[in-house]
Amino acid sequence: MNDAETMLDRIAAAETLGDLEDLRIAALGKAGSITALLKSLGSMEAGVRATEAPKIHKLREAVTAAIAGRKALLERAELERKLETEKLDLSLPAPESLSGTVHPVSQVMDELAEIFADLGFSIAEGPEIETQWYNFTALNMPENHPARAMQDTFYLQERMPGEEPRVLRTHTSPVQIRAGESRGAPLYVIAPGRVYRSDSDATHTPMFHQVEGLVIDKGITLGHLKWTLEAFVKAFFQRDDIVMRFRPSYFPFTEPSAEVDVGWSLEKGRRVVGGREGWMEILGSGMVHPRVIANIGLDPNEWQGFAFGCGIDRLAMLKYGMDDLRAFFDGDIRWLKHYGFRALDVPTISGGVGA
Amino acid sequence: MKFSLEWLKQHLETEASAEEIAEKLTAIGLEVESVSNPAEALAPFRVAKVVSANKHPQADKLQVLTVDAGTGEAIQVVCGAPNARAGMLGVFGPPGAYVPGSDLTLKVAAIRGIESRGMMCSSRELELGEDHSGIIELPADAPVGEAYTRYAGLDDPVFDVNITPNRQDCMGVRGIARDLAATGIGSLKPFDLPEIEGTFPCPVPIRIEDPQGCPAFFGRAIKGVKNRASPAWMQRRLKSAGQRPISALVDITNYLMLDEGRPAHAYDIAKLTGGLTARRARKGETVLALNGKEYALEPSMTVIADELQVHDIGGIMGGEESGVSETTSDVLLEIAYFTPEHIARTGQTLGLATDARSRFERGVDPGFLEAGLALLTRLILDICGGEASQIERIGRPPVEQRTITFDFERTKTLGGIDIPEARQREILASLGFTLNGDRVSVPTWRRDVDGPADLVEEVVRIAGYDNVPSTPLYRTPGVAAPTATRSQLMERKVRRAAAARGLDEAITWSFISQTEAEAFGGGDWALANPISEEMKVMRPSLLPGLIGAARRNLDRGASYVRLFEIGRRYLGDLEHPTLGLLLAGERRARDWQLGKTQRFDAYDAKAEVLALLDATGAPVANLQVYPDAGPFWHPGRSAKFGLGPKTIVAAFGELHPMLTKILDAPPGSMVAEIYLDAIPGSRANAHARPAYRPPSLQPVTRDFAFVVPRDLPAGNLVRAIQGADRTVITSVRLFDRFETSDGLSLAFEVMLQPTNKSFTDEEIGLIAQRVVLAAEKLGARLRS
C-alpha cells in the first residue's frame, strides 16, 4: 500500500498537467499500479477478495479524486497565467460608428403626420410651381386683390409668350383646392411642404415650410376648428399649460377667419410655449369661404369646413429652441448634428411626438 | 392705425380702462399691437414757477434760478434759456428724471461752480415739439406742483391697432368706436352732420373724364381762409397717431382721414389754372408730389389735373405745385371716390405707399362723400375762417347697397355658437346693418361683407370667439386607420435609413444659380423676380445645393461631409421627388487600427444607394448596373441603377471633372441621386409572406477563380454563375480580384444549398461544370 500512499502525495505534488497525466497513467492506465491491483482481484480467493476488494476500490476512488482535484487546480493556475498575458487597453477607441441625423423640419413633419393621422387626417401634396388660379384666384383672391401684392410672390418666367406666368406657391393653401378636386368630400387632410416668398431677413427666408389643414364635411363649425387646433397644439408641444386665444382676423379664403395665439412664458431667458406671460401668433385659420368650396367643385350649401395654415419651421423653432431660421437651409453639419434627430427617434402616438 | 384714448372717447361713451378696451379690440379682430402712454416717461416732470432769476457769476449766458415745484422748498437750478425769468411758469425735471430729447438722466451737478438740482425743460427736450429756443412757458394759472403730463393732457394712452385689409372702415377712429360699441363696452356718440349753406357758386369747374378710375368728385371752395397752426387739441391727436402737425389746412385733411377714414385734398386755388379734371394721365406726364419726388405717370393712372398740368395722383398723393401754404387764402376741397383696383395698381406701379392709398385701395365708404365734405368744411371754417361755396357734385359714387338673406340659424351651424336671434339682430344693427325680417342690408362702409358667412363672422366676433365652445370632431370608432401613401412612407423610410447610415439630412434652396443649373443641363423654370442671381433657377438636380453645403462645411474645417437631401427636381410640368447624397472629405480618419486616412470612392456611393434603395422597398436583387451615368458624370467612374434600361432608379459615382470645376465641388466628392418616383411599387399587398421553411441541410461552398477579359463587368459574371443553377446556387460572392498578364483574375465563393438530401461528390461536380460553362460563355476561363 506504500506505493498507493506515495501516489497520493505525488499527485498532490504534481507541478504540471503533464506530470499529473504521467501519474494518472502510472496509477490508472492499462499498466498502472492500481489497474494491476484491480486485475489481481480476479485471482484471489473469495475470502481474501471480500476484504481486499473494498480497499482496492477505495484506493482507486481516492486516486481518481485526487487527480481530478489536482487537475482542476493546475488548470485554474494555468488559466490565470494565460489571462495575465491577455490584457487589452479598452480605453483605446473602438472603430467609429457613424450616426446621421434627420432634419428638424422633417421630424416636425413626421410629428404632424402622426398627430393628424390619429385625428383621421391624411396627407395631401401639390406642386410648388403653381398656377395663379390655384395659388390665388380659386382661393378668393382675384386679380388686383391687395393680398396678392402682400404676399411677395415669386413669378416664373413665361415659357411661351402670352402664357400667364406661374408662381412659386406662396402658401400651401392651393393644396386645399387640389385635394378637394381629386378626392371630393368628406375630406380630412393636411398638406405640409415648401412655400416661397421673396423676403429675406433673420426671421424670413425666401423658402420655408408650411402645413395646411383642411376639413370639409357636413355640419363642421368654428367649434370644430377650435377643438382641432387645441388638440393639435397640445399634442404637438406636449405640455399641460398650453393656453390658446382665437382672434377674429382676415384671410380671403376663409370666413369667418381666426388667428390663433398661444401663451408663452420665459424659461432661462428664452420664450417657450406654455404659460401666459404673453401671446404669440402661431397659426391662421377659418371656415372655408363658400366661394372656395364652390371653386373646388362642391356645393357650398351642402358642404362646409375649416382650414388652417402654420409655419413648420416656426413650430420647430418654438418646440426645439432654434432662433435663426436661415440656419435651417445652410446644411451646416455642426448645426444638423446639434438640432437634428437620431434615425430611430420616430414620432409615434404611443411613444410621443417629441424627441 | 394709432389713436389715443381721448380721441376714441370723442366717438365712444365709455368708462372702460385702456386695458379693457385693448383686450376688447383684439377680441373683435382689431388686433392691438401695443398700448403706450407717453405720460409714463414724463411722469416726474412738474409744473413749476421761477421764483427768482439771477446772473450766473461765472458765465454770461447762464442764470441761476430759484424754482418752486410745489414741494415747499426753493430749488436752485442753473439754466441757459434766454427766456427764463422770475415769475414765469414752466416745466421742471428733478434729479433722477430721464430727459428723452437729450437722452440723459438728471442728477445734482455743479455747473461752472454753482450747484444745479434739476432742469427747466424745452419742448424738444421732452420730445413734445421742435422748439428749443427757450424753456416751455405755461400760462399764469397753471397749477404749480402738478404733474405736467396731467396738466397738459398728455396722460392719454395711445393704441396701435393692426387693421386687416378687409376693414377699411376701421382706418378711422369712428369706425373703431362703432365696432367697440357693438360689444357693449360703450355707446357710440351720435354723429352730428354739420349743415353749411354755400353762399356762392364753386368758382373752380370740376369734370370727370375717367369715370372708371374716379366715379365721383365732390368739391367746394372756401375763400378767405387763414392757414395758421392747427389748434392744440388737433395737434395732440395727430401726434398720438404719429402724424407731424404742419399747418391747419393740411392737418385738418389728415385729421378727417384719421378720424373718419376719409382722405381729402385741398388745392390752393391761386395756383390752379382753369378747372380740375379727373382723367387718365397722358404718356410722358410727370408730377412733383408732396413728398418732393417727381413721378412719371402712365396712361393707366387716374390723376387730377388743371388746364396746364397734373396736380394730384388721384387718391394717392397731392402735388407740390398746388399744395397749400401759409399764404393760401382760397382753397378747393376735393372729396372723391377712386376705384380701389385702380389705386392698387397705380400705387404698386409707382411704388408709393401713402395713408390715402391704403384707404382708397381697400375701398373708402362711398356713402360718405357728402358728410365728409361737410365735416371738412366745418373744421376749416372753425379753425381757418373763410366762406364756403356751394358744393359741386360730379359723378356718382357706387353706393348700391347689398342685401343678404340671412338665416340666423347659420350662426350656430357655421359659427358653432348658439346666440339668440334678438342678440344677433342687435349686434348687426349696432354695426350699421339694416334688418328687415331675414333681409340684412349691408352698410356702405362694409365693402367686405357680401354673404351669410360674413354676417356669421360679424355676429360671432362681437359675441367673442372665446365663447365658441370647442367641439370634438367626429371620430371613427376603433383604431385610427393608416393614412400615409406609398410615396410618403417611402420618403420616411429612406430618410431614416440614410440617417441610420450616418448621413446628415440637409435642406437646401429649391432655386440655384443659372451657372449651377446649366452645369446640369439647365433648368426648365427660372424666376422672373429672383431675390438674387444665386437663387434664380428651379433646380434640375439636388446636387448643386449639396455641393455648396459640402464646400461651406469643409471651408469651416469639417473633416468629412456626408449629406443627403430629399426634395424635388423641377423638370417640365412635373416635380420629381428625389434623394440626393454627397460624400466628401475623409471616408475614415487615420486610425490606430486601420492606418492612414481613407478617401471616398464610387463604391461608397454605390453602397449608400443600394442600402437606401433597399429601404425604399425597391427590388434590389433585380437591379442592373449601367455604366456611365450620363453627360454630367465621370464617364468611367459613374453608373446608373435600373430595373431595365427604361426604369432608371438611381445614378451614382463621381461627377464629370468639368462640372466639378464649374461648381467648385470639393475634390473627391462622391455623389448620387435616387429617383424616388421611378421606383415601382411592390405588387404584394397582403400581409402574409410566401411560405418558407429554413433548409435543414447544411449549405456547401465552392470557390472558383476565373481569368476574364479586362472589359468584362464582374456583375455580368456573377449573374451568369447564378444562372448556372438557380435552384441550388443561393449566393455568388466575389472575394478576390487582381490583374494578370492575360486578363483579370476574379475569384468567387459560390454557395450551394441542398434541398432534400446532401449532395454527392458527383452532383457537386456537375454543378461546378455548369458554373464553368456559364462563365466560359462570357469569355472567362477557369484558372488552373
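How many residues of chain B are in contact with how many residues of chain A? Keep that in mind as you go through the views below, which all come from a predicted model.

**View 1. Where chain B meets chain A.** Here is the count: 76 residues of chain B are in contact with 68 residues of chain A. On the chain B side, the elements that give two or more residues are α2 (18-27), α8 (340-350), α13 (452-463), α14 (486-500), β30 (504-505), α16 (543-555) and β33 (560-571). The biggest giver to this side is α14(B), with 7 residues. Sort the chain B residues that touch chain A by kind, and you get 35 nonpolar, 21 polar and 20 charged.

**View 2. Helix α8 of chain B and its cover.** Now look at which of its residues are tucked away: B:Pro340, B:His342, B:Ile343, B:Arg345, B:Thr346, B:Gly347 and B:Leu350 are buried. What lies over those buried residues? Part of the cover comes from chain B itself, including β20 (294-296), β21 (302-305), β22 (310-313) and α9 (355-360). Step just past the end of α8(B) and you reach B:Gly351, whose phi is positive, at about 60°.

**View 3. Chain A as a whole.** Zoom out for a moment to see what chain A is built from: 12 helices and 10 strands. Its C-alpha atoms fill a box of roughly 130 × 50 × 45 Å along the principal axes. The radius of gyration of chain A is 41 Å, while a compact globule of 355 residues would come in near 20 Å. Even so, 44% of the 355 residues of chain A count as buried. And if you take the contacts in chain A with a separation of 6 or more, 66% of them are between residues 24 or more positions apart.

**View 4. Strand β10 of chain A and its two partners.** One partner is strand β5 (residues 207-217) of chain A, which runs antiparallel to β10(A) and is joined to it by 8 bridges. To find this pairing, look for A:Gln210, which stands opposite A:Gly311 of β10(A). Strand β9 (residues 278-288) of chain A also pairs with β10(A) in the antiparallel sense, over 5 bridges. Here the spot to look for is A:Ser285, whose bridge partner in β10(A) is A:Phe308.

Key
Residues are numbered from 1 along each chain as its sequence is written. Chains are lettered from A and ligands numbered from 1 in the order in which they are written. This is a predicted model: local features need pLDDT of at least 70, side-chain atom pairs count only at pLDDT 80 or more; totals for chains, interfaces and linings use all residues. Two residues are in contact if their C-beta atoms, placed from the backbone, lie within 7 Å. Helices (H or I, at least four residues) and strands (E, at least two) are DSSP runs, numbered from the N terminus. Ala, Val, Leu, Ile, Met, Phe, Trp, Tyr, Cys and Pro count as nonpolar, Asp, Glu, Lys and Arg as charged, and the others, Gly among them, as polar. The radius of gyration is taken over C-alpha atoms; the globule rule is 2.2 Å times the number of residues to the power 0.38. A residue is buried if 20 or more other C-beta atoms lie within 10 Å of its own, exposed if 12 or fewer, and partly exposed in between; C-beta atoms are placed from the backbone. Two strands pair if DSSP finds at least two bridges between them.
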